[in-house]
Amino acid sequence: MKRYLCSIIISLVVLLSIGTYYVKVASSASSLPRYTFKTIEGSDKELDPVIVQATLENGDFYEPLTIESNRTTYGSDRPLWSDRYDHQIERLIKEHRSFMRGKDSISSLYEDDDFLAYAWVNSEFTNNGKMEAEFDIGLLEKKDEGETSFQIELPHQERIMNIDVRDVQLVHSKLQVLTMIDVNSNNEKQTKEVHLYTIDLANKKVLSDKTLLSETFTYPNQVDFEMPIDVSPSQPNSMVLISLIKGVNHEEGPFEEKLKESKLISYNYETEKLETVKKGPLSLDMARSGYADGKNLYAVEMKSGKYRIKTFDLSSQTLTNDTELDIAANEEEQYTAAFKNGRVYFLLNEMNQEGESNKPAKLLITDLKTGKTLYKGETVINKKNSKSFGLYIDELEIK
């Protein structure tokens, strides 16, 4: 009887602790300001697909929040066991819960009408400092929910210090995994590479390990590979862009880029062609800060106090559109952009000299072809003491 009584007491303590936690959470969340968008121009319906991920700050206090369907949800509003995922990851978890277990990186996923594929690299360092790494591969056939998963050793893993999966594509029933690699070195030289692994899903083996780019350098020289933000990271894309950035680190000064030695490179998965993008209206700086969808590159330019969106066709390497946005620009504003269904979603968050944001965030939605403003609005807050809080935009997502 004492044993059962002890179990009952422990259960009651646990329940009371959880209850107390949620009461505190509810109380804390209810005291925080709630953000919504006030419409200045256009239709409120344009807000339906918009998700804003942000952080509220007040001194040492930080709290993540989401503005969706014009409602604010704080991290403390969520259940104890709930995590905040990219909306695409959340959708995939709801639709394919079993397959998506343990998968939370959108860059490691590929999805079309028939398949959902996954590729990641699990790695750890042994006592002698060498890396042991393997691919974690998964494939889901949507029609019958048939799952295939396997692990396979990463080729030449002994020479790798760090590896990052940046893109996954399914081409002719073969999985293409694009990675960026830091090569293990025993001397002052450093080497960075871009590798493309081709994986045979049927026979569960690596068919090839292709080095697309390789650069070796010594301090104070520096080399980096960068990619534009992928606006549809899990969707089929025939082409990727990679910026090769060369520069010098100065001990008493900023990093100085070697413009004549830096370049923009494209790789086509179908043709397997690696090409340097021709010089012209597309500058390397615009490419690095741009947004790509496998067909077009969207570059943001500030000119004459206005923001412009330039659209480049990646196949022809030509400028196909140049749209001026109906929103004023200044250097103290930080922008976040998203592109979907022929629209640009442009969110501005103004900062003061201390890097704090107390002014409303401004949202503009524009038709890229016509340049017509479909929506213009700004955040409003329901708390009188809201001026003591700063709102920092982390990400803009479109459903």
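# Burial, rings, charges and a pocket

Me: In this predicted model, are Tyr267 and Tyr269 buried or exposed?

Reply: Both Tyr267 and Tyr269 are buried. That puts each under 20% relative accessible area.

Me: How many aromatic pairs are there by the ring rule?

Reply: The count is seven aromatic pairs.

Me: What makes the pair of Tyr267 and Tyr269 edge-to-face?

Reply: The ring centres of Tyr267 and Tyr269 lie 5.6 Å apart. Pairing needs centres within 6.5 Å. Their planes stand at 90 degrees, and over 60 counts as edge-to-face. So Tyr267 and Tyr269 form an edge-to-face pair.

Me: Why is the pair of Tyr291 and Phe339 called tilted?

Reply: The centres are 5.3 Å apart, with the planes at 50 degrees. Stacked needs under 30 degrees, edge-to-face needs over 60, and the rest are tilted. So Tyr291 and Phe339 are a tilted pair.

Me: Where in the chain do Tyr291 and Phe339 lie?

Reply: Tyr291 is in strand β19 (residues 291–292) and Phe339 is in strand β23 (residues 333–340). They are 48 residues apart, and the pair links distant parts of the chain.

Me: How do you know whether Tyr291 and Phe339 are buried or exposed?

Reply: The cut-off for buried is under 20%. Tyr291 has 6% relative accessibility, so Tyr291 is buried. Phe339 has 8%, so Phe339 is buried too.

Me: Which residues do ring pairs link into a cluster with Tyr291?

Reply: Tyr298 and Phe339 join Tyr291 in that cluster.

Me: What makes Lys103 a charge over the ring of Phe99?

Reply: The charged end of Lys103 is 4.6 Å from the centre of the Phe99 ring. The limit is 6 Å, with an angle within 35 degrees of the ring normal. Lys103 also lies over the face of Tyr118, 4.9 Å from that ring centre.

Me: How many salt bridges does the whole structure hold?

Reply: The search finds 15 salt bridges.

Me: What makes Lys142 and Glu111 a salt bridge?

Reply: Their N to O distance is 2.8 Å, and the rule asks for within 4 Å. Lys142 is in the loop between β7 (131–141) and β8 (146–153), while Glu111 is in strand β5 (residues 109–111).

Me: What links Glu324 to Arg308?

Reply: A salt bridge does, with the closest N and O atoms 3.0 Å apart. Glu324 is in strand β22 and Arg308 is in strand β21. Glu324 is at 41%, so Glu324 counts as partly exposed.

Me: Which residues do salt bridges that share partners join into one network?

Reply: Arg91, Glu95, Glu111 and Lys142.

Me: What lines the largest pocket?

Reply: The lining has 48 residues, with Asp230, Val231, Ser232, Pro233 and Ala292 nearest the centre. Elements giving two or more residues include α2 (87–95), β19 and β23. By class, 20 are nonpolar, 14 polar and 14 charged. The pocket holds about 1300 Å³ of space.

Key. Residues numbered from 1 in each chain as written. Predicted model: local features only at pLDDT ≥ 70, side-chain atom pairs only at ≥ 80, totals over all residues. Heavy atoms only, no water. Phe/Tyr/Trp six-rings, centres within 6.5 Å; stacked < 30°, edge-to-face > 60°. Buried < 20%, exposed > 50% of the residue type's maximum accessible area, 1.4 Å probe, protein only. Helix = DSSP H or I, 4+ residues; strand = E, 2+ residues; numbered from the N terminus. Salt bridge = Lys/Arg side-chain N within 4 Å of Asp/Glu carboxyl O. 1 Å grid on protein atoms, 1.4 Å probe; cavity = no way out; pocket = protein on both sides within 12 Å on 5 of 7 lines; lining within 4 Å. Points joined across faces, edges and corners; volume = space filled by probe spheres on them. Nonpolar A, V, L, I, M, F, W, Y, C, P; charged D, E, K, R; others polar.
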